[in-house]
Amino acid sequence: MTRASAGRLLQVVGIAHGAIGAVVYRDVFADIGRGSVVGSVPDRGDRAAAFWFMAAAPTLWLGGRLLRSAEEHGDLPAQRAAGVVLTAVGAVGTVAMPKGGFPSLVGIGGVLLRRSLRSGNG
């Protein structure tokens, strides 16, 4: 039985994040699209929330892709670092926003930590 790639799971989270954001913020993006896009996102408010929500999607996907490479090349320190960061961000996010998707990061980070610690000292 082949174990699931934590990197691939993180890429799926990134894709899901983008899809959910496109649905949840569709009215905001439609409003932005009706005007000039340049300078259309302020520091705060619905547009800022939509922008930053969507900015996380490709970042999560990219992090997953880089993590897949670390998995494929046996880079345990990189996997361990990703595990620590994902677990910490996921835990803080879950406390701050319990209805969000942050528990998925705790799960992926926890799997990474467990695997990297079991596999050696790296």
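**Close-up views of a predicted model**

**View 1. The side chains of R47 and D31 meet in a salt bridge, with 2.7 Å from N to O.** A salt bridge here is a side-chain nitrogen of Lys or Arg within 4 Å of a carboxyl oxygen of Asp or Glu. This pair links distant parts of the chain, with R47 in helix α3 and D31 in helix α2, 16 residues apart; helices are DSSP runs (H or I, at least four residues) numbered from the N terminus. The model is a predicted one, in which local features need pLDDT of at least 70 and side-chain atom pairs count only at pLDDT 80 or more, while totals for chains, interfaces and linings use all residues. Residues are numbered from 1 along each chain as its sequence is written, and side-chain values use heavy atoms, with hydrogens and water left out.

**View 2. D31, R34 and R47 are linked in a network of salt bridges.** Between R34 and D31 the closest N and O atoms are 3.8 Å apart, and both residues lie in helix α2 (residues 26-34), 3 residues apart, about one turn of the helix. R34 is exposed, with a relative accessible area of 64%, whereas D31 is partly exposed at 36% and R47 is partly exposed at 22%; buried means under 20% relative accessible area, exposed over 50%, and partly exposed in between (1.4 Å probe, protein chains only).

View 3. E72 counts as exposed at 53% relative accessibility, whereas R68 is buried, with a relative accessible area of 16%.

**View 4. I15, W61, L62 and L66 form a nonpolar patch on the surface.** Patch residues have over 30% relative accessible area and no salt bridge, and nonpolar side chains (Val, Leu, Ile, Met, Phe, Trp, Tyr) are joined within 5 Å, like charges within 9 Å. Together the four residues have about 410 Å² of accessible area, which comes from the Shrake-Rupley method with a 1.4 Å probe, only the protein chains shown counting as cover for residues. Helix α3 gives the most to the patch, with 3 residues; L66 has its place in this helix and counts as exposed, because its relative accessibility is 54%.

Note on methods: Helix = DSSP H or I, 4+ residues; strand = E, 2+ residues; numbered from the N terminus.
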